[in-house]
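Please examine the sequence and the model that follow. The explanation considers the covalent links within the chain and then a pocket.

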Amino acid sequence: MKNNNKFYNTLFGVLLIFAVILGFTQTSMAQCTYCSASTSYEDEYIARVEIGDIDNSSDWQGGVADYTNKSTTVMVGQSYNIKVSNGPYYYSSDQVRVFVDWNKDCDFDDANETFTLTSSDGGKTYTGSITVPSNAAGGTTRMRVRMTYASTPVACGSSTWGEVEDYSLNVILPSPDAAVLEIITPTYPYMEGTYPVYAKIGNLGDGNVGSFTVNWSVNGVSKPSVNWSGVLKKNENVTLQLGTHDFIYPDGGPYNPFTIDVWLTNIVGSGTTLPDQDASNNFKTAKTAPATEDAGVVGIVGPSGSFTPGVKDVV
């Protein structure tokens, strides 16, 4: 019995150690540790950073100033203006660069991750734009702003003058947004009969639409759905024939308009796994009413009081 207890205690201990190691490994892999950077002396420094929702004024710090609690949202494919204001002492030889870890691999070494800002007022302010590349990873990532004197700023390492500040960017990937733009009914005026029904489907989102199902009904009765697949880019649309319907009133009426409902399901993006952006535009309703040949007696009106029987010349 003691031997069994010893075996189970040993097994439990091994499993516990394995779980701790696994948890530590996963935590370490999930968190980024970015390279260190520092500045030796205070003179010029990053006095203010403005981009999107970030508007941060601050004093000089020798190490990396951690402002990662300040963030702004950016979207793939879009460009954003950024402005960096120099401290009370500024020089035309100061230089400013911005670094963004777009692919979230914990460094600033990849293509399209470095942006150079320029000054038109002798180094007092620096401006430029940041473009989010198409292959950027979604979620929160790091943006580093660095100012140096008389040397090209790099993301890591030490410099004599200037400052380094870190911020957060929330990267939004493009989502598809399939929408029912229009239900195309028979052209007025038209008589009772069998006519085709069409629907114009568009993409209002930044991400491509790859496929969807168009469902439709007439007066609440479902009709066979239509499946579509391909690549529908932003602001593009496609017109699909959904089928035909007998727009014929019951004998003797009522002559109520026909109600056509069209709605989308199974919307899948192309090149993105994000869901449809806006479900409110996936449904549309239209009403249509043909003319009818069933005409009854409208009324008989007698002649006016000035009417006189006979023949009268018309001039």
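A residue is called buried when its relative accessible area is under 20%, exposed when it is over 50%, and partly exposed in between. The model discussed here is predicted.

A disulfide is a covalent bond between the sulfur atoms of two cysteines. The link of Cys35 and Cys156 is left-handed, with -75° about the S-S bond. This pair connects distant parts of the chain: Cys35 belongs to the loop between α1 and β1, whereas Cys156 lies in the loop between β9 (139–149) and β10 (157–161), 121 residues apart.

How many disulfides does a search of the whole structure find? The search finds two. The other bond joins Cys32 to Cys106, again with 1.9 Å from S to S. Cys32 is partly exposed at 31%, and Cys106 is partly exposed at 26%. When the bonded cysteines are numbered in sequence order, the pairing is 1-3, 2-4.

Attention now turns to the pocket. The largest pocket holds about 160 Å³ of space. Its lining includes Val76, Ser134, Asp206 and Thr272. The lining residues comprise three nonpolar, six polar and one charged.

Technical notes
Residues are numbered from 1 along each chain as its sequence is written. This is a predicted model: local features need pLDDT of at least 70, side-chain atom pairs count only at pLDDT 80 or more; totals for chains, interfaces and linings use all residues. Side-chain values use heavy atoms; hydrogens and water are left out. On a 1 Å grid over the protein atoms alone, a cavity is a set of points where a 1.4 Å probe fits but cannot get out, and a pocket is an open set with protein on both sides within 12 Å along at least five of seven lines; lining residues have an atom within 4 Å of a point. Grid points are joined across faces, edges and corners, and a volume is the space filled by probe spheres set on the points. Ala, Val, Leu, Ile, Met, Phe, Trp, Tyr, Cys and Pro count as nonpolar, Asp, Glu, Lys and Arg as charged, and the others, Gly among them, as polar. A disulfide is a pair of cysteine sulfur atoms within 2.5 Å. Buried means under 20% relative accessible area, exposed over 50%, partly exposed in between (1.4 Å probe, protein chains only). Helices (H or I, at least four residues) and strands (E, at least two) are DSSP runs, numbered from the N terminus.
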